[in-house]
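Visitor: I would like to learn how to read this model, one feature at a time. Where do we begin?

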Amino acid sequence: MTATTPHLHFMTLALRLAAKGRGKTSPNPMVGALVVKNGRIIGRGCHHGPGQPHAEILALFQAGPRAKGATLYVTLEPCCHLLKRTPPCVPAVIQSGVRQVVVAMADPNIMVKGRGIAAMRRAGITVTTGVAQEEAAQLNRAYLHWATTGRPYVILKAGMTLDGKVATAKGESRWITGPLARQEAHRLRSQVDAVVVGVGTVLKDNPTLTARWSDRLLKLAPRQPLRVVLDSRLRTPPTATVCAKQDQAKTLIVTTSRAPQSRRRPFERAGVEVVSIALKNGRVSFPALLTMLGRRGITSVLIEGGSTVNASALRETLVNHVVLYLAPTLMGGQDAKGVIGDRSPRRLAQALALRHVMVRRIGEDLVVEGDL
């Protein structure tokens with residue numbers, strides 16, 4: 001159905017409301033809702049996090065009795081199932097007396113998937129769908145990918161020189177990019193469910209992998225991603241920074257049958273979870289990793305590993321989005337570390353092409369990002 005100008009206007013406002021939940025709602029989607037009557041907004045709501053009221057409920061509560069005969073705008077199909085922490089929204093929408101509901105897009109979750117829309121129509125409510133659908137899908141691309149595939153949406157991020165180097169031949173990499181790029185990278189961490197690195201990064205850099213705020217990156221963000229270390233032989237030192245202060249940020253070490261059981265005990269004492277999954281080409285299997293994380297409700301993953309981890313993820317065609325920070329420097333040399341390790345393809349036709357490419361500047365650096 002074609003969106004009219006008023007519908008598009010109010011749905012755009014609802015999407016802005018939904019975006020306030022960025023980095024807070026997972027594994028739930030970001031949702032915004034407005035109740036409009038006679039061209040005026042009489043109720044607003046956005047979802048703030050798991051277990052908290054949904055956007056529609058907040059907007060209808062704010063509107064109160066005035067909702068009768070009004071129009072409800074919502075960025076995702078209202079839910080109708082009971083297998084969650086909060087009551088379903090559809091009965092509340094029906095009871096509110098709204099005359100019309102405008103929905104940006106259907107929810108692909110198997111528990112919803114058109115059932116909410118059908119129930120509202122059976123109750124005599126006029127339901128319009130597809131208003132600002134592309135914008136709504138882009139906002140919740142991680143949730144939609146997880147809901148349809150069972151795997152988290154994967155973002156690969158790297159800081160590099162203009163000639164694609166991420167470290168010198170001796171492993172020095174701090175800092176290739178500038179402070180503004182590093183601040184943005186921390187904001188990106190705060191918006192995903194998990195950060196993934198290889199054990200090589202832990203051994204070389206001993207990173208914290210936490211999300212930090214403020215200009216000097218000293219303050220921890222309110223929500224921390226799960227820190228995931230890929231370590232097929234369990235070489236991570238129990239004294240590594242990622243193993244400390246599990247009350248601030250949790251760590252999951254993913255290993256394989258190649259790791260001796262005896263090496264797990266120090267991590268268990270520190271409160272670090274160790275999980276063994278399948279091997280592939282002598283390393284942790286990326287498909288098995290993403291399946292396991294998806295089952296845990298991890299909807300988005302940020303890969304911050306070195307060239308080996310980057311190569312493994314790209315080879316499996318499991319990366320959805322790439323964000324590259326390019327410093328205006330040239331390192332040169334075949335012995336310096338490139339952003340993607342392992343062997344090069346034999347033919348240019350085998351190179352991966354980005355779609356929807358965007359280029360922007362941040363401080364002295366460039367940011368190139370796109371979809372795969």
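Visitor: What should I know about the model itself?
Guide: It is predicted, so local features need pLDDT of at least 70 and side-chain atom pairs pLDDT 80 or more, while totals for chains, interfaces and linings use all residues. Residues are numbered from 1 along each chain as its sequence is written, and side-chain values use heavy atoms, leaving out hydrogens and water.

Visitor: How does the chain cross from β4 to β5?
Guide: It passes through helix α4, and this β-α-β crossover is right-handed. That means a clockwise path from the first strand over the helix to the second, with the strands pointing away from the viewer.

Visitor: What is the strand order in the open sheet?
Guide: Read it as β2-β1-β3-β4-β5, 5 strands with mixed pairing. On average, neighbouring strands are turned by 15° against each other, direction ignored.

Visitor: Which strands pair in the antiparallel sense with β1?
Guide: β1 (residues 32–37) pairs that way with β2, over 6 bridges. There, G32 faces C46 of β2. β1 also runs antiparallel to β3, joined by 4 bridges. V35 is opposite L72 of β3. L72 in turn has V101 as its bridge partner in β4. β3 and β4 are parallel, with 4 bridges.

Visitor: Are the faces of β3 and β4 covered or open?
Guide: In a regular strand the side chains alternate between the two faces of the sheet. Both faces of β3 are covered: T71 and Y73 lie on one side, L72 and V74 on the other, all buried. Buried means under 20% relative accessible area, exposed over 50%, partly exposed in between (1.4 Å probe, protein chains only). β4 is covered on both faces too, by buried Q100 and V102 on one side and buried V101 and V103 on the other.

Visitor: Which helix lies across β1, β2 and β3?
Guide: Helix α2 (residues 55–63) does, at about 140° to β2. Helix α4 (residues 115–122) packs on the sheet as well, touching β4 and β5, at about 150° to β5. Contact means heavy atoms within 4.5 Å. Angles run from 0 to 180 degrees between N-to-C directions of lines fitted to C-alpha atoms, for helices over the stretch in contact.

Visitor: Which residues touch the most other members of the largest nonpolar core?
Guide: In soluble globular proteins, nonpolar side chains tend to be buried together. In this core of 44 residues, they are M11, V35, V93, V98 and V101. A core joins buried Ala, Val, Leu, Ile, Met, Phe, Trp, Tyr and Cys residues through side-chain atoms within 4.5 Å. Helix α1 (residues 5–19) gives the most, with 6 residues. A second, separate core has 33 residues, including I277 and L290.

Conventions
Pairing = 2+ DSSP bridges. Helix = DSSP H or I, 4+ residues; strand = E, 2+ residues; numbered from the N terminus.
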